[in-house]
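My entries follow in the order in which I made them.

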Amino acid sequence: MTADRRTTLLTELVRALCLERGTEPPAATSADDLWTVFRALVNTRPPAPADVERLAMQDELLRSMIEEAGTATLADAQASPHDDRLLLWRGDITTLAVDAVVNAANSQMLGCWAPGHHCIDNAIHTFAGTQLRLECARLMRAQGHEEPTGTAKITSAYNLPSRHVIHTVGPIANGHPTDLHRRQLASCYTSCLDLAAAKGLRSIAFCGISTGVFGFPQDEAAPIAVETVRTWLGAHETGIRVVFNVFSADDERVYRGLLGL
């Protein structure tokens with residue numbers, strides 16, 4: 001996509017989103033500034049349908065950004081020498097083309113509402129598009145209550161290169177996980193795998209559930225993640241391959257040790 005086309009799309013999308021809420025578009029003119037405004041507007045937009053033309057512009061923008069960032073597949077991940085069903089990949093999960101990526105959601109299951117927040121929930125909803133929040137809202141209305149910790153829901157992935165998003169609510173540990181938190185974290189992994197198997201999926205990529213703002217220390221969370229997945233795979237003949245997705249060098253170091261890499 002050319003720079004001019006991106007600026008045009010962002011200008012039109014920002015104008016439409018501002019018109020929707022009865023506000024004047026900001027004076028931003030550069031693509032970078034317009035992207036910041038666009039992301040803030042969609043992060044704070046209530047779940048509601050949008051017209052076909054606007055969705056087409058949004059989808060063109062997001063897919064081009066993901067394509068330019070470069071998508072990755074299972075072939076880009078490194079398999080454990082002990083079990084080739086367990087893989088490690090460092091990068092942006094919104095660019096990973098697998099059957100399902102796992103989103104560390106909150107109990108409302110509607111995405112992160114903080115404009116431009118650097119959490120995985122915000123990133124997944126931003127790059128999937130506004131359709132994802134709308135689908136999640138439908139699921140939650142049908143359910144009639146907040147999502148319990150340790151369970152999972154599956155949706156389409158819309159503009160992401162993955163086919164699906166599996167949303168799970170991890171425990172809020174605030175730096176001091178209890179035995180209950182550990183059991184709940186393990187339940188997140190088994191619930192996601194159970195759902196993936198039920199849907200016939202063959203690959204799933206886990207983020208570091210609860211290790212961000214929910215405050216579960218990575219050096220305690222990662223062993224739970226790996227051991228829970230190993231145990232589940234040992235008990236189920238599904239052919240599912242599991243990617244542990246990390247973003248930082250420190251997190252990669254932890255997982256490399258656990259996977260024997």
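**Cavities**

I began with the lining of the second largest cavity, where α3 supplies the largest share, three residues. The model is a predicted one: local features need pLDDT of at least 70, side-chain atom pairs count only at pLDDT 80 or more, and totals for chains, interfaces and linings use all residues. Residues are numbered from 1 along each chain as its sequence is written, and side-chain values use heavy atoms, with hydrogens and water left out.

I noted the terms before going on. Helices (H or I, at least four residues) and strands (E, at least two) are DSSP runs numbered from the N terminus. On a 1 Å grid over the protein atoms alone, a cavity is a set of points where a 1.4 Å probe fits but cannot get out; a pocket is an open set with protein on both sides within 12 Å along at least five of seven lines; lining residues have an atom within 4 Å of a point. Grid points are joined across faces, edges and corners, and a volume is the space filled by probe spheres set on the points.

The second largest cavity holds about 60 Å³ of space. I listed its lining as Leu13, Leu17, Phe38, Val42, Arg45, Ala50, Arg54, Leu55, Gln58 and Thr130. At least two lining residues come from each of α1 (3-20), α2 and α3. By class I have six nonpolar, two polar and two charged residues there (Ala, Val, Leu, Ile, Met, Phe, Trp, Tyr, Cys and Pro count as nonpolar, Asp, Glu, Lys and Arg as charged, and the others, Gly among them, as polar).

I then asked how many cavities of 30 Å³ or more the structure holds. There are two. The largest cavity has about 120 Å³ of space. Its lining has 15 residues, and nearest its centre lie Val42, His125, Gly129, Thr130 and Arg133. The helices α2 (31-43), α3 (52-69), α4 (120-128) and α5 (130-143) each give at least two residues to this lining. I sorted the lining of the largest cavity into seven nonpolar, six polar and two charged residues.

**Largest pocket**

For the largest pocket I have a volume of about 830 Å³. Of its 31 lining residues, His118, Cys119, Ile120, Asp121 and Gly212 lie nearest the centre. Which helix gives the most to the lining of this pocket? It is α4, with four residues. At least two residues each come from β3 (100-105), α4, β7 (241-246) and α8 (249-259). The class count for the pocket lining is 15 nonpolar, 12 polar and four charged.

**Helix pairs**

I looked up α1 with α2 next: they pack at an angle of about 35 degrees, with axes 9 Å apart. Axes are lines fitted to C-alpha atoms, for helices over the stretch in contact, and angles run from 0 to 180 degrees between N-to-C directions. On the α1 side I noted Thr7, Leu10, Thr11, Leu13, Val14, Leu17 and Cys18, which meet Ala31, Leu34, Trp35, Val37, Phe38, Leu41 and Val42 of α2 (contact means heavy atoms within 4.5 Å). This contact has 12 nonpolar, two polar and no charged residues.

Helix α6 (residues 179-198) and helix α7 (residues 218-235) pack at about 40 degrees, with their axes 9 Å apart.
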